[in-house]
Amino acid sequence: MTGTALIDVGGGYRAIFGAGVMDRCLELGIDFDHCYGVSAGSANMTSFIAHQHDRNHKFYTEYAFRREYASATNFIKDRNFVHLDYVYGDLSNHDGEYPLDYQAFVDNPTQFTVVACNAETGTSRYFGKSDFGFDNFDPVKASSSVPVACRPYLIDDVPYYDGGISDPIPVQRAMDDGYDRIVVVLTRLRDVLREQKPDIGPARILKRTYPAAAERLLERYRTYNEEVELAKRYEREGRVLILAPDDLCGLSTLTKSFEGLERMYRKGYAEAEKIGDFLASSPTA
């Protein structure tokens, strides 16, 4: 099998870069056979698969500034800095403020994989389109549950954390599934290695309740860096196109500014211009 795939690694507020990429793809009429989403990248992809242009942009630049969306108040109230049920429930359900077009999402033949980390085992769980339902976006909530900032999200009594812990850039997964034209959307600088230091404190806290997930969190920097290198190797072979910002615009996973968000969105929008030529080309190996 050959075909096209899109991977969005997420990255909290930095993930608006992927929103820009996908909005431009919608304008250019570019679809993919399979979308692989991690954390906020999976949320981006629900709107993309449903062909809802500009929906993600509104979430990042308007809704994300609401206290109900993400705040210390949320964390004090129920240990969730980002209120996942508000974002992917109250806002996104059929009677919400900006519903996902669920029928369009289902009718689109594009396949969808969402990566989450099993908190008890530290292993990856790959949710598919069939794991979604009407007003049920649980896989996205599970994949977006940032350790310590959020409680693990329960699906069938199994706790899950952010998929970026266990398989941050599922490029090998896409290759193993048979795709040979893969666009990888990064939200960090492509040539700057991820460091372990920011994960040490959260991993220490997490170890008390979910030691396996804590261990994966401690190793995330290594996993991420290795998967970036793998993506670059495939890129040299002409099978992968990596899109990444040249500046993070002051954004981090949980830090934002309106100006930074708008700049990052435009960077993703501009980078998407490379996709058409890549998909039309042939791998060199």
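## The buried side of α10

In helix α10 (residues 211–218), the buried residues are A213, A214 and L217, where buried means under 20% relative accessible area with a 1.4 Å probe and protein chains only. Because they cover an arc of only 105° around the axis, these residues lie on the same side of α10. An α-helix has 3.6 residues a turn, so residues three or four places apart point the same way. The cover over the buried residues of α10 includes β6 (158–162), α9 (197–206) and α11 (220–236).

This is a predicted model, in which local features need pLDDT of at least 70 and side-chain atom pairs count only at pLDDT 80 or more, while totals for chains, interfaces and linings use all residues. Residues are numbered from 1 along each chain as its sequence is written, and side-chain values use heavy atoms, with hydrogens and water left out.

## Packing of α9 on α10

The axes of α9 and α10 are 8 Å apart, and the two helices pack at an angle of about 170°; they are therefore roughly antiparallel to each other, a term for angles over 145 degrees. In this contact (heavy atoms within 4.5 Å), D199, I200, P202, A203 and L206 of α9 meet P211, A213, A214, L217 and L218 of α10. By class, the contact has 9 nonpolar, no polar and 1 charged residues.

## Cysteines

The structure holds 0 disulfides, a disulfide being a pair of cysteine sulfur atoms within 2.5 Å. For C25, the nearest cysteine sulfur is that of C35, 9.1 Å away. C25 is buried, with a relative accessible area of 0%, and C35 is likewise buried, at 0%.

Definitions and conventions: Buried < 20%, exposed > 50% of the residue type's maximum accessible area, 1.4 Å probe, protein only. Helix = DSSP H or I, 4+ residues; strand = E, 2+ residues; numbered from the N terminus. Arc of directions from axis to C-beta. Axes fitted to C-alpha atoms, helices over the stretch in contact; angles between N-to-C directions. Parallel < 35°, antiparallel > 145°, perpendicular 65-115°, else oblique. Nonpolar A, V, L, I, M, F, W, Y, C, P; charged D, E, K, R; others polar.
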